[in-house]
Amino acid sequence: MSEIQSLYLKAIFKEPVERTPVWIMRQAGRYLPEYQEVRSKHDFLTVCKTPELATEVTLQPIRRFGFDAAILFSDILVIPEALGQTLQFMENHGPKLSPQLLTEKEFDQLSADDLPAKLSFVAEAIAMLRPALPEGTPLIGFSGSPFTLATYMIEGKPTRNFKYIKTMLYSNPKLLEGLLELLSDAVSTYLQMQIRAGAQAIQIFDTWGGILPVHLYRRYSANYMKKIVRQLKPLKVPVTLFSRGGLSYLLQLEDSTAEMLGVDWLTDMGEAKRHLGGVAALQGNLDPTALYGSREIIKQEVDKILDVFGSQSGHVFNLGHGILPDIPVDNVYFLVDYIRQRSSALHAQR
Ligand code: CP3
C-alpha cells in the first residue's frame with residue numbers, strides 16, 4: 001500500500017488513483033472576486049511579499065474548488081528583482097524590469113549574493129501555508145525557467161518580436177550564456193530554499209522558450225532546466241517542466257528526468273502520451289479559452305483529454321496555460337465537477 005495521501009503526487013508517481021487530480025495554472029488570481037477584494041487594498045507585490053496575504057490568496061481557490069494541489073502565490077519575477085533589477089507592475093501593461101539588460105555593463109551590476117535572505121518572504125509564506133492546507137493537498141513551489149527569466153530581464157517589458165534577447169543570442173551569445181548560468185544557479189538555490197521551507201513539488205514555467213527555433217531551444221532553454229532538475233534530485237521532490245510551443249519543444253525534454261511534463265494546449269495529448277508517457281507523468285492540457293465555450297463543448301474537450309488515459313494513472317488535469325482573468329467562476333465550478341465525475345467513472349472501470 002502506498003503511503004502517499006495526495007492524488008496529485010500519486011498521479012505523478014503513476015500509482016493507482018480513484019480519479020484524475022486537477023488544479024489550474026494561475027488558479028489564485030484575478031478571476032476570483034475574493035482575490036480582487038484583497039487587491040483593492042494592496043498592490044500586487046505587497047501581496048507577494050506579505051506572507052499572511054500570500055497565504056490567504058493561495059488558499060482562496062482551494063477553499064472554493066478543493067483543487068488537488070495548491071500553488072504558492074508569488075511571481076516568477078521576484079528573482080530578477082532579488083538580483084538587482086527594479087520591478088514594477090503597471091496596471092494593464094504587465095511587468096517592467098529596469099534597467100533593461102543589454103550589455104556587460106548592466107550584467108556586471110547584478111548580484112546573486114544573499115538570494116535566500118532577499119527572498120525570505122517566500123520561505124515564510126510556505127512555512128505559514130503548510131499547516132493551513134488540507135491534508136492531501138500538497139503545496140507546489142515554482143520558478144520561471146532561466147530562459148524565460150532572461151527574456152523578461154533583457155526585454156524589460158512585454159514584447160511581440162523579442163528583438164533584444166534574440167539580438168543578444170545571435171550577436172553576443174557568450175553574454176546570454178553568462179546570464180543563463182547565473183540564473184540557473186539562482187533558480188536552483190531559490191527552489192532548494194522553497195523545498196526546505198516545505199514545498200512538496202516544484203514546477204518550472206518555461207513560458208518563452210518556444211520563441212526559439214527548436215535546436216536553439218534545446219541549447220538555450222532545455223539544457224538549463226535539465227541542469228536544475230539534476231541539482232534538485234537529491235531533495236526527492238517531484239519536478240514538473242512546463243513549456244510552450246507544441247510537441248517539438250516537449251520532445252526536447254524527453255531526457256530531462258523531470259517526473260512530470262506540462263503539456264501546452266497546442267499539443268495533442270494523445271501524441272504527447274505516445275512519445276513521452278513512458279518517461280514522465282503528463283499534466284494538462286485544456287485550451288484556456290475553451291472556458292469561454294458552451295458546457296457541451298467544454299465536456300467534449302475534457303473527454304478528449306481524459307480518454308487518452310482512461311483508467312491509467314500518470315495524468316494531472318490542468319489547462320494548457322494559465323486561466324484568463326475574465327473567465328466566469330461558474331465555468332470553473334462546472335469544469336472541476338465534470339472532471340471529477342467523468343474521471344471517477346473512467347477509473348472505476350479498472
Ligand atoms: O495561482 C498561481 O498561479 C499563483 C501565482 C502566479 C502568478 N504568476 C501570480 C500573478 C504564478 C505561478 C505566476 C507565474 C508567472 N508570472 C508566469 C509563468 C506562467 C505563465 O503564465 O506563463 C509569468 C510569465 C509571469 C509574469 C507575469 N506576472 C506577467 C506577464 C504578469 C502580468 C500579466 C498577467 O498575466 O497578469 C504578471 C502578474 C501576475 N502574476 C498576476 C498574478 C495573479 C496579476 C497581478 C494583478 O493582480 O494585477
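**Ligand, pockets and backbone**

Reply: The ligand sits in the largest pocket, and a molecule counts as sitting in a pocket or cavity if more than half of its atoms lie within 2 Å of its grid points. A pocket is found on a 1 Å grid over the protein atoms alone, as an open set of points with protein on both sides within 12 Å along at least five of seven lines, whereas a cavity is a set of points where a 1.4 Å probe fits but cannot get out; lining residues have an atom within 4 Å of a point. Please keep in mind that this is a predicted model, in which local features need pLDDT of at least 70 and side-chain atom pairs count only at pLDDT 80 or more, while totals for chains, interfaces and linings use all residues. Residues are numbered from 1 along each chain as its sequence is written, and side-chain values use heavy atoms, with hydrogens and water left out.

Me: Ok, which residues come nearest to the ligand?

Reply: There are 20 residues around the ligand, and the nearest of them are Arg30, Tyr35, Arg39, Thr207 and His321; a residue counts as near if one of its heavy atoms lies within 4 Å. By class, this shell holds twelve nonpolar, four polar and four charged residues, where Ala, Val, Leu, Ile, Met, Phe, Trp, Tyr, Cys and Pro count as nonpolar, Asp, Glu, Lys and Arg as charged, and the others, Gly among them, as polar.

Me: And how far is the polar side-chain atom of arginine 30 from the ligand's oxygen atom?

Reply: That distance is 2.5 Å, and in threonine 207 a polar side-chain atom lies 2.7 Å from an oxygen atom of the ligand. On the side chain of aspartate 75, an N or O atom is 2.7 Å from a nitrogen atom of the ligand. A polar contact here is a pair of N or O atoms within 3.5 Å; within protein, one must be able to donate a hydrogen and the other to accept it, and residues adjacent in sequence count only if both atoms are side-chain atoms.

Me: What volume does the largest pocket have?

Reply: Its volume is about 1,600 Å³, where grid points are joined across faces, edges and corners, and a volume is the space filled by probe spheres set on the points. The largest pocket is lined by 44 residues, and those closest to its centre are Arg26, Arg30, Asp75, Phe89 and Pro95. That lining divides into 23 nonpolar, twelve polar and nine charged residues.

Me: What about the second largest pocket, which helix gives the most to its lining?

Reply: Helix 15 gives the most, with three residues, and the volume of the second largest pocket is about 170 Å³. Helices (H or I, at least four residues) and strands (E, at least two) are DSSP runs, numbered from the N terminus. Strand 8 (281-286) also supplies at least two residues of this lining, which includes Trp265, Asn285 and Lys304.

Me: Switching topic, how many cavities of 30 Å³ or more does the search find?

Reply: The search of the whole structure finds one, and the residues lining the largest cavity include Ala11, Phe309 and His347. By class, that lining has four nonpolar, six polar and no charged residues.

Me: Last one, where are the cis peptide bonds?

Reply: One joins serine 98 and proline 99, with omega about -5°, and proline 99 is placed in the loop between strand 3 and helix 6 (104-108). Another joins glycine 284 and asparagine 285, with omega about -10°, and asparagine 285 is found in strand 8.
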